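Dear colleague,

I am handing over the structure we spoke about, and below it you will find what came out of going through it. Please look at it first and then read on.

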Amino acid sequence: MKQFAALLRKDNQPVRYLVVDDSVFARKNLIKMIEMFGGEVAGEAGDGLTAIAELNRISPDIVLMDITMPQMEGIEAVERIVRQHPSARIVMVSSVGYQENILAALQKGAKHFVQKPVKPEVLYEILRYVLSDDPNAVGVPVAMAGEHRS
Amino acid sequence: MRMELIQPFINAADAVFAESLQAPTKIVDLEMDQEAYRRKGVAALIAIKGDIEGRVILDLSPEVAVKVASQLAGVEVEASEQVVRETVCEMANMVIGNSVTLLNDQGFHFKVFPPEIHMDETGLAGSADTEALVICIETPCGEIYLNIAMHYLHRRRQERNAVPALD
(Lines give C-alpha, C1' and ligand atoms only; values in the text may rest on other atoms or scores of the structure.)
Protein backbone atom coordinates (compact mmCIF):
# COMPACT_ATOMS: atom_id res chain seq x y z
CA MET A 1 0.00 0.00 0.00
CA LYS A 2 1.29 3.45 -0.88
CA GLN A 3 2.56 5.52 2.05
CA PHE A 4 1.83 9.19 2.48
CA ALA A 5 3.58 11.82 4.52
CA ALA A 6 1.25 12.84 7.35
CA LEU A 7 -0.75 16.01 6.83
CA LEU A 8 -0.57 17.90 10.12
CA ARG A 9 -1.90 21.10 11.55
CA LYS A 10 0.42 23.96 12.44
CA ASP A 11 0.38 22.81 16.08
CA ASN A 12 1.68 19.41 14.91
CA GLN A 13 -1.63 17.73 15.76
CA PRO A 14 -3.50 15.53 13.26
CA VAL A 15 -5.90 17.28 10.91
CA ARG A 16 -9.47 16.66 12.14
CA TYR A 17 -12.06 15.65 9.55
CA LEU A 18 -15.84 15.53 9.34
CA VAL A 19 -16.90 12.89 6.80
CA VAL A 20 -20.35 13.39 5.27
CA ASP A 21 -21.87 10.72 3.02
CA ASP A 22 -25.12 8.77 3.14
CA SER A 23 -23.28 5.58 2.21
CA VAL A 24 -21.62 3.83 5.14
CA PHE A 25 -19.11 2.25 2.77
CA ALA A 26 -18.19 5.52 1.13
CA ARG A 27 -17.54 6.93 4.63
CA LYS A 28 -15.47 3.90 5.62
CA ASN A 29 -13.46 4.22 2.42
CA LEU A 30 -12.73 7.90 3.11
CA ILE A 31 -11.89 7.15 6.76
CA LYS A 32 -9.42 4.52 5.60
CA MET A 33 -7.70 7.18 3.46
CA ILE A 34 -7.78 9.80 6.23
CA GLU A 35 -5.95 7.34 8.48
CA MET A 36 -3.42 6.73 5.70
CA PHE A 37 -2.80 10.50 5.67
CA GLY A 38 -2.26 10.61 9.46
CA GLY A 39 -5.58 12.41 10.07
CA GLU A 40 -8.24 11.99 12.72
CA VAL A 41 -11.96 11.45 12.05
CA ALA A 42 -13.69 13.88 14.41
CA GLY A 43 -17.19 13.04 13.20
CA GLU A 44 -19.42 11.45 10.58
CA ALA A 45 -22.79 12.41 9.12
CA GLY A 46 -25.18 10.78 6.65
CA ASP A 47 -26.92 13.95 5.41
CA GLY A 48 -26.47 17.70 5.15
CA LEU A 49 -28.55 18.61 8.20
CA THR A 50 -26.62 16.28 10.50
CA ALA A 51 -23.40 17.59 8.96
CA ILE A 52 -24.24 21.15 10.01
CA ALA A 53 -24.99 20.04 13.58
CA GLU A 54 -21.80 17.98 13.72
CA LEU A 55 -19.70 20.80 12.32
CA ASN A 56 -20.97 23.17 15.01
CA ARG A 57 -20.26 20.56 17.67
CA ILE A 58 -16.78 19.40 16.69
CA SER A 59 -15.29 22.26 14.60
CA PRO A 60 -13.29 20.06 12.21
CA ASP A 61 -10.38 21.36 10.14
CA ILE A 62 -11.81 19.87 6.93
CA VAL A 63 -15.19 18.59 5.82
CA LEU A 64 -15.42 15.91 3.12
CA MET A 65 -18.94 16.30 1.72
CA ASP A 66 -20.96 14.10 -0.65
CA ILE A 67 -23.48 15.86 -2.92
CA THR A 68 -26.46 13.55 -3.35
CA MET A 69 -27.87 12.80 0.09
CA PRO A 70 -31.31 12.54 1.74
CA GLN A 71 -32.88 15.40 3.75
CA MET A 72 -30.36 18.02 2.68
CA GLU A 73 -28.01 17.72 -0.28
CA GLY A 74 -24.33 18.56 -0.03
CA ILE A 75 -24.41 21.79 -2.03
CA GLU A 76 -27.15 23.29 0.14
CA ALA A 77 -25.27 22.19 3.25
CA VAL A 78 -22.12 23.92 1.95
CA GLU A 79 -24.06 27.15 1.42
CA ARG A 80 -25.43 27.07 4.97
CA ILE A 81 -22.12 26.14 6.54
CA VAL A 82 -20.15 28.81 4.70
CA ARG A 83 -22.76 31.42 5.62
CA GLN A 84 -22.14 30.63 9.31
CA HIS A 85 -18.43 29.80 9.03
CA PRO A 86 -16.89 31.65 6.06
CA SER A 87 -13.48 30.04 6.62
CA ALA A 88 -14.81 26.47 6.58
CA ARG A 89 -12.76 24.19 4.36
CA ILE A 90 -15.08 21.85 2.51
CA VAL A 91 -14.05 19.39 -0.18
CA MET A 92 -16.87 17.89 -2.24
CA VAL A 93 -16.65 14.14 -2.89
CA SER A 94 -19.16 12.89 -5.45
CA SER A 95 -19.50 10.42 -8.29
CA VAL A 96 -21.30 13.08 -10.33
CA GLY A 97 -18.51 15.33 -11.54
CA TYR A 98 -19.93 17.41 -14.36
CA GLN A 99 -19.17 21.08 -14.72
CA GLU A 100 -22.50 22.44 -13.44
CA ASN A 101 -22.23 20.46 -10.21
CA ILE A 102 -18.64 21.46 -9.59
CA LEU A 103 -19.33 25.11 -10.34
CA ALA A 104 -22.39 25.17 -8.09
CA ALA A 105 -20.42 23.70 -5.20
CA LEU A 106 -17.50 26.09 -5.66
CA GLN A 107 -19.84 29.08 -5.96
CA LYS A 108 -21.44 28.14 -2.65
CA GLY A 109 -18.02 28.09 -0.99
CA ALA A 110 -16.55 24.59 -1.38
CA LYS A 111 -12.77 24.68 -1.75
CA HIS A 112 -12.33 21.74 -4.09
CA PHE A 113 -13.95 18.74 -5.73
CA VAL A 114 -12.92 15.10 -6.06
CA GLN A 115 -14.76 12.47 -8.06
CA LYS A 116 -15.64 8.97 -6.79
CA PRO A 117 -14.21 6.42 -6.79
CA VAL A 118 -11.64 8.41 -4.88
CA LYS A 119 -7.99 7.74 -5.60
CA PRO A 120 -5.94 8.20 -2.40
CA GLU A 121 -3.16 10.08 -4.20
CA VAL A 122 -5.67 12.52 -5.74
CA LEU A 123 -7.43 13.19 -2.42
CA TYR A 124 -4.07 13.62 -0.69
CA GLU A 125 -2.94 16.31 -3.13
CA ILE A 126 -6.26 18.12 -2.87
CA LEU A 127 -6.15 18.07 0.95
CA ARG A 128 -2.57 19.32 0.89
CA TYR A 129 -3.61 22.16 -1.42
CA VAL A 130 -6.69 23.07 0.64
CA LEU A 131 -4.75 23.00 3.91
CA SER A 132 -1.86 25.05 2.57
CA ASP A 133 -4.35 27.64 1.36
CA ASP A 134 -5.07 28.67 4.95
CA PRO A 135 -2.18 30.21 6.91
CA ASN A 136 -3.84 29.26 10.21
CA ALA A 137 -3.74 25.53 9.61
CA VAL A 138 -0.92 24.65 7.32
CA GLY A 139 -0.76 21.07 6.13
CA VAL A 140 2.93 20.31 6.24
CA PRO A 141 4.10 16.80 5.51
CA VAL A 142 6.51 16.26 8.38
CA ALA A 143 6.32 12.51 9.05
CA MET A 144 5.15 9.36 7.40
CA ALA A 145 1.56 8.53 8.29
CA GLY A 146 1.51 5.95 11.03
CA GLU A 147 4.93 6.92 12.37
CA HIS A 148 5.26 8.32 15.89
CA ARG A 149 5.40 12.05 16.08
CA SER A 150 7.17 13.91 18.86
CA MET B 1 -29.90 0.98 -29.54
CA ARG B 2 -27.37 3.77 -29.90
CA MET B 3 -23.94 2.63 -28.84
CA GLU B 4 -22.79 6.22 -28.21
CA LEU B 5 -25.29 6.28 -25.33
CA ILE B 6 -24.22 2.90 -23.99
CA GLN B 7 -20.46 3.28 -24.25
CA PRO B 8 -20.11 5.85 -21.40
CA PHE B 9 -21.82 3.39 -19.02
CA ILE B 10 -19.49 0.56 -20.04
CA ASN B 11 -16.42 2.79 -19.69
CA ALA B 12 -17.58 4.14 -16.34
CA ALA B 13 -18.39 0.66 -14.99
CA ASP B 14 -14.99 -0.63 -16.04
CA ALA B 15 -13.19 2.33 -14.45
CA VAL B 16 -15.26 2.30 -11.24
CA PHE B 17 -14.91 -1.45 -10.61
CA ALA B 18 -11.19 -1.47 -11.41
CA GLU B 19 -10.51 1.52 -9.15
CA SER B 20 -12.78 0.43 -6.28
CA LEU B 21 -11.59 -3.17 -6.28
CA GLN B 22 -7.99 -2.29 -7.09
CA ALA B 23 -7.76 -4.92 -9.82
CA PRO B 24 -8.46 -5.19 -13.55
CA THR B 25 -11.91 -6.26 -14.73
CA LYS B 26 -13.05 -8.01 -17.92
CA ILE B 27 -16.28 -8.02 -19.92
CA VAL B 28 -16.99 -11.74 -20.28
CA ASP B 29 -20.44 -11.65 -21.86
CA LEU B 30 -22.54 -9.16 -23.78
CA GLU B 31 -26.02 -9.74 -25.21
CA MET B 32 -29.21 -7.95 -26.27
CA ASP B 33 -32.31 -8.67 -24.20
CA GLN B 34 -35.94 -7.74 -24.81
CA GLU B 35 -37.54 -9.68 -21.98
CA ALA B 36 -38.58 -8.19 -18.64
CA TYR B 37 -35.41 -8.15 -16.64
CA ARG B 38 -35.07 -10.95 -14.13
CA ARG B 39 -32.47 -10.20 -11.56
CA LYS B 40 -29.63 -12.58 -10.92
CA GLY B 41 -28.87 -11.31 -7.42
CA VAL B 42 -29.73 -7.98 -5.83
CA ALA B 43 -30.51 -5.34 -8.44
CA ALA B 44 -30.39 -1.54 -8.25
CA LEU B 45 -32.44 0.21 -10.94
CA ILE B 46 -31.63 3.82 -11.77
CA ALA B 47 -33.98 5.76 -14.03
CA ILE B 48 -32.80 8.58 -16.30
CA LYS B 49 -35.09 11.24 -17.80
CA GLY B 50 -34.24 14.18 -20.03
CA ASP B 51 -32.49 14.58 -23.41
CA ILE B 52 -31.87 10.86 -23.16
CA GLU B 53 -34.11 8.45 -21.28
CA GLY B 54 -33.91 4.93 -20.02
CA ARG B 55 -32.65 2.94 -17.13
CA VAL B 56 -29.61 1.11 -15.91
CA ILE B 57 -29.72 -1.96 -13.67
CA LEU B 58 -26.71 -3.05 -11.67
CA ASP B 59 -27.06 -6.61 -10.47
CA LEU B 60 -24.83 -8.77 -8.29
CA SER B 61 -25.24 -11.71 -5.97
CA PRO B 62 -25.32 -11.08 -2.19
CA GLU B 63 -22.04 -13.02 -1.85
CA VAL B 64 -20.32 -10.77 -4.39
CA ALA B 65 -21.82 -7.69 -2.71
CA VAL B 66 -20.32 -8.67 0.65
CA LYS B 67 -16.89 -9.21 -0.95
CA VAL B 68 -17.16 -5.79 -2.64
CA ALA B 69 -18.22 -4.22 0.67
CA SER B 70 -15.17 -5.68 2.41
CA GLN B 71 -12.93 -4.33 -0.33
CA LEU B 72 -14.51 -0.87 -0.13
CA ALA B 73 -14.35 -0.75 3.66
CA GLY B 74 -10.84 -2.16 3.84
CA VAL B 75 -11.90 -4.71 6.49
CA GLU B 76 -13.88 -7.95 6.48
CA VAL B 77 -17.59 -7.06 6.52
CA GLU B 78 -20.22 -9.35 8.01
CA ALA B 79 -22.99 -10.32 5.58
CA SER B 80 -26.42 -8.75 6.15
CA GLU B 81 -29.26 -7.51 3.97
CA GLN B 82 -28.38 -3.91 4.80
CA VAL B 83 -24.75 -4.39 3.79
CA VAL B 84 -25.83 -5.93 0.49
CA ARG B 85 -28.33 -3.12 -0.25
CA GLU B 86 -25.87 -0.37 0.63
CA THR B 87 -23.11 -1.91 -1.46
CA VAL B 88 -25.28 -2.38 -4.54
CA CYS B 89 -26.57 1.21 -4.21
CA GLU B 90 -23.09 2.66 -3.75
CA MET B 91 -21.67 0.78 -6.75
CA ALA B 92 -24.68 1.82 -8.87
CA ASN B 93 -24.31 5.44 -7.77
CA MET B 94 -20.64 5.49 -8.67
CA VAL B 95 -21.17 3.90 -12.10
CA ILE B 96 -24.10 6.17 -12.93
CA GLY B 97 -22.39 9.27 -11.55
CA ASN B 98 -19.34 8.72 -13.71
CA SER B 99 -21.43 7.90 -16.81
CA VAL B 100 -23.61 10.94 -16.30
CA THR B 101 -20.50 13.09 -16.06
CA LEU B 102 -19.28 11.80 -19.44
CA LEU B 103 -22.68 12.27 -21.09
CA ASN B 104 -23.25 15.69 -19.53
CA ASP B 105 -19.89 16.88 -20.80
CA GLN B 106 -21.07 15.80 -24.29
CA GLY B 107 -24.03 18.19 -23.99
CA PHE B 108 -26.82 15.90 -22.78
CA HIS B 109 -28.99 17.17 -19.96
CA PHE B 110 -31.09 14.83 -17.89
CA LYS B 111 -32.15 13.93 -14.39
CA VAL B 112 -30.96 10.82 -12.60
CA PHE B 113 -33.26 9.28 -10.02
CA PRO B 114 -32.03 7.59 -6.82
CA PRO B 115 -31.46 3.83 -7.09
CA GLU B 116 -34.36 1.50 -6.34
CA ILE B 117 -33.33 -1.84 -4.90
CA HIS B 118 -35.09 -4.96 -6.18
CA MET B 119 -34.91 -8.24 -4.34
CA ASP B 120 -38.21 -9.85 -5.41
CA GLU B 121 -38.57 -12.64 -7.93
CA THR B 122 -40.73 -10.88 -10.54
CA GLY B 123 -39.40 -9.11 -13.64
CA LEU B 124 -38.56 -5.47 -13.00
CA ALA B 125 -41.42 -3.06 -13.67
CA GLY B 126 -41.12 -1.08 -16.86
CA SER B 127 -38.43 -3.29 -18.28
CA ALA B 128 -40.59 -5.47 -20.56
CA ASP B 129 -40.39 -4.76 -24.32
CA THR B 130 -37.34 -2.63 -23.70
CA GLU B 131 -34.35 -3.45 -25.82
CA ALA B 132 -31.47 -3.62 -23.40
CA LEU B 133 -27.82 -4.48 -23.49
CA VAL B 134 -26.80 -6.93 -20.77
CA ILE B 135 -23.13 -6.96 -19.86
CA CYS B 136 -21.44 -9.40 -17.53
CA ILE B 137 -18.26 -8.01 -15.97
CA GLU B 138 -15.82 -10.32 -14.26
CA THR B 139 -14.19 -8.79 -11.20
CA PRO B 140 -11.94 -10.26 -8.48
CA CYS B 141 -15.03 -10.38 -6.21
CA GLY B 142 -17.21 -12.20 -8.76
CA GLU B 143 -19.51 -11.37 -11.66
CA ILE B 144 -21.40 -8.08 -11.83
CA TYR B 145 -24.16 -7.52 -14.40
CA LEU B 146 -25.18 -4.27 -16.04
CA ASN B 147 -28.43 -3.99 -17.97
CA ILE B 148 -28.63 -0.77 -19.97
CA ALA B 149 -31.60 0.53 -21.96
CA MET B 150 -31.17 4.07 -23.25
CA HIS B 151 -32.65 6.14 -26.08
CA TYR B 152 -32.83 9.73 -27.28
CA LEU B 153 -35.91 11.64 -26.26
CA HIS B 154 -35.10 14.77 -28.21
CA ARG B 155 -32.36 15.45 -30.63
CA ARG B 156 -29.63 17.39 -28.94
CA ARG B 157 -29.89 21.14 -29.25
CA GLN B 158 -26.82 21.46 -31.48
CA GLU B 159 -28.15 18.82 -33.85
CA ARG B 160 -31.59 20.47 -33.96
CA ASN B 161 -29.97 23.79 -34.80
CA ALA B 162 -27.84 22.17 -37.48
CA VAL B 163 -30.86 20.87 -39.42
CA PRO B 164 -31.56 23.29 -42.34
CA ALA B 165 -35.04 24.82 -42.36
CA LEU B 166 -37.31 23.80 -45.24
CA ASP B 167 -38.78 26.57 -47.38
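Among contacts in chain B between residues at least 6 apart in sequence, what percentage join residues at least 24 apart? The share is 70%, and please keep in mind throughout that this is a predicted model.

Chain B is built from four helices and seven strands, which follow one another along the sequence as α-β-β-β-α-α-β-β-β-β-α. Of its 167 residues, 43% count as buried.

Helix H1 of chain B, residues 3-21, spans 26 Å from its first C-alpha to its last, close to the 27 Å expected for its 19 residues at 1.5 Å a residue. Buried in H1(B) are, among others, Leu5(B), Phe9(B), Ala12(B), Ala13(B), Val16(B) and Phe17(B). An α-helix has 3.6 residues a turn, so residues three or four places apart point the same way. The cover over the buried residues of H1(B) includes strands S3, S6 and S7 and helices H2 and H3 of chain B, whereas the face turned away from the buried side carries the exposed Met3(B) and Glu4(B). After H1(B) comes Gln22(B), with a positive phi near 55 degrees.

As for the contact between the chains, 16 residues come from chain A and 19 residues from chain B. On the side of chain A that touches chain B, helix H1 of chain A (residues 24-36) gives the most, with six residues, and the residues of that side divide into six nonpolar, six polar and four charged.

With best regards

How values were computed:
Residues are numbered from 1 along each chain as its sequence is written. Chains are lettered from A and ligands numbered from 1 in the order in which they are written. This is a predicted model: local features need pLDDT of at least 70, side-chain atom pairs count only at pLDDT 80 or more; totals for chains, interfaces and linings use all residues. Two residues are in contact if their C-beta atoms, placed from the backbone, lie within 7 Å. Helices (H or I, at least four residues) and strands (E, at least two) are DSSP runs, numbered from the N terminus. Ala, Val, Leu, Ile, Met, Phe, Trp, Tyr, Cys and Pro count as nonpolar, Asp, Glu, Lys and Arg as charged, and the others, Gly among them, as polar. A residue is buried if 20 or more other C-beta atoms lie within 10 Å of its own, exposed if 12 or fewer, and partly exposed in between; C-beta atoms are placed from the backbone. The expected span of a helix is 1.5 Å times one less than its number of residues.
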